[in-house]
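Good morning, and thank you for the time. I would ask you to keep the sequence and the structure in view while I speak.

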Amino acid sequence: MTRVLTTRALGTLLAASCLLVWGCGSLPDETPTQPDPPPPVAAAPTPDASPSPTGTPVLGGPAPKPTPTPEATPQPNPTPGSTEGSGACGSPLPPALSTLNVKVHLRGAEAWTLDSTPLVGPDATYCAKIGFTDGRAVCPVRPEGNPEREACELYVTGRAADTGRPGPTWTFGGRFCTGRSSGCENSAENQYQVRAFQGGTFKACGRNGVCGEVEVDR
């Protein structure tokens with residue numbers, strides 16, 4: 001009898017415990033807590049597809065230096081520089097001065113006399129018209145003894161830079177012919193001639209820069 005009561009008492013105690021602690025039911029079906037979703041990731045900025053300008057000068061920077069243009073070397077101009085003498089020269093007027101034919105004219109004991117003759121061309125037609133019918137293309141402005149020759153020579157040669165007389169400018173060693181100390185002296189009667197007191201290269205030039213020269217070996 002005692003064992004039966006004990007068993008019943010145990011069952012009653014277990015039942016009471018079930019009601020008190022668990023409410024005589026199964027464990028509640030609790031849904032597990034889900035973690036919060038991660039924050040949205042910001043989209044990366046789209047790069048600008050337009051090309052960036054190139055070669056833009058920096059403000060305040062040094063300005064590019066222009067390339068200097070080399071100066072041109074003056075060249076002789078074959079065109080007569082003035083019309084002086086053209087009226088008395090007549091027709092046909094000579095073409096441009098081509099050269100000055102410079103030669104030793106006289107060999108004196110004290111000095112040698114140098115002579116120059118203006119030559120024009122090349123123009124075979126002109127040379128034939130004024131009397132040189134041998135086919136030459138370079139010739140004097142008029143034949144020897146022609147009354148128009150002096151004016152025609154002035155037209156193509158001009159006046160000497162140092163004396164202002166009709167005829168070429170004579171130089172020796174780059175200097176004017178002013179007397180014995182310079183090595184040469186302009187002829188007192190004729191600007192186309194000069195007296196050379198020593199050996200060397202003598203040059204005669206027209207106003208257009210065309211020259212002729214001769215070597216004196218005295």
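Thr 171 stands opposite Phe 176 in strand E5. This is a predicted model, and I shall describe it on that basis. The strands E4 and E5 pair in the antiparallel sense, over two bridges. Their hairpin has two residues between the strands, and in it Gly 173 takes a positive phi near 65°.

On its other pairing, E4 is joined to E9 by four bridges, and the two run antiparallel. In that pairing, Thr 169 stands opposite Cys 205 in E9. Strand E9, residues 200-205, is in turn joined to E10 by six bridges, again antiparallel. There, Lys 203 stands opposite Glu 213 in E10.

I return to strand E4, residues 169-172, to consider its two faces. In a regular strand the side chains alternate between the two faces of the sheet. Are the faces of E4 covered or open? Both are covered: Thr 169 and Thr 171 lie on one side, Trp 170 and Phe 172 on the other, and all are buried.

Phe 172 leads to the next point. A search of the whole structure finds one aromatic pair. The rings of Phe 172 and Phe 202 have their centres 4.3 Å apart and their planes at 15°; planes under 30 degrees apart count as stacked, so this pair is stacked. The pair links distant parts of the chain, with Phe 172 in strand E4 and Phe 202 in strand E9, 30 residues apart. Both Phe 172 and Phe 202 are buried.

A ring is also involved in another arrangement. The charged end of Arg 107 sits over the ring of Trp 112, 4.8 Å from its centre.

I now turn to helix H4, residues 149-157. Eight of its nine residues are buried, so the helix is largely enclosed by the rest of the structure. Which residues are the buried ones? They are Arg 149, Ala 151, Cys 152, Glu 153, Leu 154, Tyr 155, Val 156 and Thr 157. What covers them includes helix H2 (86-89) and the strands E1 (97-107), E2 (112-120) and E3 (139-140).

Thr 157 deserves a separate word. Thr 157 lies in H4, and at 0% relative accessibility it counts as buried. Leaving aside residues up to four places away in sequence, Thr 157 touches Pro 118, Gly 167, Pro 168, Tyr 192, Gly 206 and Arg 207. After H4 comes Gly 158, with a positive phi near 85°.

My last topic is charge pairing. Side chains of opposite charge can pair when their charged atoms come close. How many salt bridges does a search of the whole structure find? The search finds eight, and I shall discuss several of them.

One of them joins the side chains of Arg 195 and Glu 110, at 3.6 Å from N to O. Arg 195 lies in strand E8, residues 193-196, and Glu 110 lies in the loop between E1 and E2, so the pair ties together parts that are 85 residues apart in sequence. Arg 195 counts as partly exposed, at 29% relative accessibility, and Glu 110 also counts as partly exposed, at 46%.

The side chain of Arg 195 meets that of Glu 185 as well, in a salt bridge of 3.5 Å, N to O. This pair links distant parts of the chain: Arg 195 is in strand E8 and Glu 185 in strand E7, residues 184-186, ten residues apart. Glu 185 is partly exposed, with a relative accessible area of 30%. Taken together, Glu 110, Arg 180, Glu 185 and Arg 195 are linked in a network of salt bridges.

Another salt bridge brings together the side chains of Arg 142 and Glu 148, at 2.9 Å from N to O. Are these two residues buried or exposed? Arg 142 is buried, with a relative accessible area of 3%, whereas Glu 148 is partly exposed, with 26%.

Thank you for your attention.

Note on methods. Residues are numbered from 1 along each chain as its sequence is written. This is a predicted model: local features need pLDDT of at least 70, side-chain atom pairs count only at pLDDT 80 or more; totals for chains, interfaces and linings use all residues. Side-chain values use heavy atoms; hydrogens and water are left out. Two strands pair if DSSP finds at least two bridges between them. Buried means under 20% relative accessible area, exposed over 50%, partly exposed in between (1.4 Å probe, protein chains only). Contact means heavy atoms within 4.5 Å. A salt bridge is a side-chain nitrogen of Lys or Arg within 4 Å of a carboxyl oxygen of Asp or Glu. Rings of Phe, Tyr and Trp (its six-membered ring) pair if their centres lie within 6.5 Å; planes under 30 degrees apart count as stacked, over 60 as edge-to-face and the rest as tilted. A charge sits over a ring if NZ of Lys or CZ of Arg is within 6 Å of the ring centre and within 35 degrees of the ring normal.
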